[in-house]
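Thanks for coming. I will take a few minutes to walk through one model, starting with a salt bridge and then going out to the rest of the chain.

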Amino acid sequence: MQAIRQCSACATGGLLQSRTDFLLLRTNMAALRRSVACLNFFRSTAASVLNSRKPSRQRLVRFTDVTRTSLACLSVGSGLSAVPFIQQVENLSHESLIRRASSMVTDSANTYLSQTTQALVDSITQYAKALHTLIALQRRYLASLGKLSTAEEDAIWQVIIGQRVEVGDRLDECNRFESNWINAINLCEMAAEAAYNTGAEHASVTAKTNLQVAKVQVEEVRQISVDAERKLAETQAEEIQRMAEYASFIESGGDDVHEAYLRED
């Protein structure tokens, strides 16, 4: 009898457990059906709103409300989080889109300014080097004035003329890159102003900082080229004076002395 009672108790417990599992399964299935229904409703509503050619502000608000309701159903049925998507929808205002666009324009203007600044700095540096090379050649010629034969003078003058051509080419390159750099400066200034007016203060401050740095870099390297041009002008003035003195010396009968000096060498 005791064995029979134990078997009966086990059977009764098993039936109760099975009934509990069945009820839990039905509850889960019902939650799943609600989630699927909410998802289908959300898809149909989103499709109808997005397919409209001219969505008004009222439709956008209704779409936001429907999105919140649908995602709330999904969060109850399947545990999904609706916060990120709702935040994206709420940020799609005219002010936010204009602010983002102005920030993108500012970034592009900064890139354009950086590239043109580097190109201008390099071109001015090469121009200054060409000027210093020409100065060295002319000073070497002046130091050897009256000590060279006609062939040697012609050879060194060919080198000087070639260097003057290179100086001119470098100057043309500087002018071309400077034109692009000025356009970049103007564009960056307008982008910074637009970013400030739209509320993108960080982008505006960054653009103004880049403008200041670019102007300082160009001014520093430009001062080097100005100094080189000044030294070249001084060398050319000295060359004119020395050539005039040498011509006067030749006219006064110094040609014989010059020929005797060449024979001694």
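**Salt bridges and a few buried residues**

Start with Glu 178: its relative accessibility is 26%, so it counts as partly exposed. Keep in mind that this is a predicted model.

What does Glu 178 pair with? Its side chain meets that of Arg 222 in a salt bridge, 3.0 Å from N to O. This pair links distant parts of the chain, with Glu 178 in helix α5 and Arg 222 in helix α6, which covers residues 201-264; the two are 44 residues apart. Arg 222 has a relative accessibility of 25% and therefore also counts as partly exposed.

A search of the whole structure gives six salt bridges. Another one of them joins Arg 170 to Glu 166, with the closest N and O atoms 3.9 Å apart. Both residues sit in helix α5, four residues apart, or about one turn of the helix. Arg 170 is partly exposed at 25%, and Glu 166 is partly exposed at 33%.

Arg 230 comes out at 42% relative accessibility, partly exposed, and Glu 234 is partly exposed at 43%. Back to Glu 166 and Arg 170: salt bridges with shared partners join them and Glu 173 into one network.

Now the overall chain. The secondary structure is six helices and zero strands. Of the 265 residues, 26% count as buried. If you take contacts between residues at least 6 apart in sequence, 80% of them join residues at least 24 apart. The accessible surface is about 18000 Å², and 57% of that belongs to carbon and sulfur atoms.

Which residues make a nonpolar patch on that surface? Tyr 112, Leu 187 and Met 190 do, over about 270 Å². Leu 187 is in helix α5 and is partly exposed at 35%.

Gln 138, in helix α4, has 1% relative accessibility and so counts as buried. Leaving out residues up to four places away in sequence, Gln 138 touches Ile 160, Arg 164, Leu 232, Thr 235, Gln 236 and Glu 239.

Ser 144 lies in the loop between α4 and α5. At 15% relative accessibility, Ser 144 is buried too. A polar atom of its side chain is 3.1 Å from the backbone oxygen of Arg 140.

Notes. Residues numbered from 1 in each chain as written. Predicted model: local features only at pLDDT ≥ 70, side-chain atom pairs only at ≥ 80, totals over all residues. Heavy atoms only, no water. Buried < 20%, exposed > 50% of the residue type's maximum accessible area, 1.4 Å probe, protein only. Polar contact = N/O pair within 3.5 Å; in protein donor to acceptor, adjacent residues only side chain to side chain. Contact = heavy atoms within 4.5 Å. Areas by Shrake-Rupley, 256 points an atom, 1.4 Å probe, with all protein chains shown as cover. Patch = residues over 30% accessible without salt bridge, like charges linked within 9 Å, V, L, I, M, F, W, Y side chains within 5 Å. Salt bridge = Lys/Arg side-chain N within 4 Å of Asp/Glu carboxyl O.
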